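These are my notebook entries on a structure that I looked up. I set down each point in the order in which I checked it.

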Amino acid sequence: MSVKTKKIGSMFTREISRIILEEIKDPNIKFVTLTGCDVTNDLSYAKVYFTCLNRDKKEETEKALNKAANYIELELSKSVEIRKMPQISFHYDTSIEYGEKIKKKLQELKEKE
């Protein structure tokens, strides 16, 4: 990933967070935190990673976000000047859960010693 795509990804993360907070009224999309955005080198696709407060509703939240993706792309194109707007897709970020799982395993090993 180039420096340019990293900058675009971080800019998208900020702007999409603002759009979700201020303009999206869907109750399934509340309490969402965007953790990152990976943009392809040719700016065709952007994977936006998120976590949500209620982990039991992560599938519903992902469906609602992907349903609102076209609207988010439209609003994003108004606030970000870019020659080609990538197609946005939302994905649940499992890295936090994975980190918690590793932390728990390390604590178990420490307790055994």
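Is Cys37 buried or exposed? I found that Cys37 counts as buried, at 9% relative accessibility; buried means under 20% relative accessible area, exposed over 50%, and partly exposed in between, with a 1.4 Å probe and protein chains only.

I note that this is a predicted model, in which local features need pLDDT of at least 70 and side-chain atom pairs count only at pLDDT 80 or more, while totals for chains, interfaces and linings use all residues. Residues are numbered from 1 along each chain as its sequence is written, and side-chain values use heavy atoms, with hydrogens and water left out.

Entry on the cysteines. I looked for disulfides (a pair of cysteine sulfur atoms within 2.5 Å) and the structure holds zero. For Cys37, the nearest cysteine sulfur is that of Cys52, 18 Å away. Cys52 is likewise in no disulfide, and Cys52 is buried, with a relative accessible area of 10%.

Entry on helix H2. Helices (H or I, at least four residues) and strands (E, at least two) are DSSP runs, numbered from the N terminus. In H2, residues 58-67, I found Thr61, Ala64 and Leu65 buried. Why do they lie on the same side of H2? They cover an arc of only 100° around the axis, taken from the directions from the helix axis to the C-beta atoms. An α-helix has 3.6 residues a turn, so residues three or four places apart point the same way. The face turned away from the buried side carries the exposed Lys63 and Lys67. The cover over the buried residues of H2 includes helix H1 (3-22) and helix H3 (69-79); here contact means heavy atoms within 4.5 Å.

Entry on the core. A nonpolar core is a set of buried Ala, Val, Leu, Ile, Met, Phe, Trp, Tyr and Cys residues joined through side-chain atoms within 4.5 Å. The largest one has 26 residues, of which Phe12, Ile16, Ile72 and Phe90 touch the most other members. H1 gives the largest share of this core, five residues. Leaving aside neighbours within four places in sequence, I list among the contacts of Phe90 the residues Ile16, Leu65 and Ile72.

Entry on Ser44. I located Ser44 in the loop between strand E1 (32-39) and strand E2 (45-52). Ser44 is buried, with a relative accessible area of 16%. Its side chain makes a polar contact of 3.3 Å with that of Lys84; such a contact is a pair of N or O atoms within 3.5 Å, and within protein one must be able to donate a hydrogen and the other to accept it, while residues adjacent in sequence count only if both atoms are side-chain atoms.
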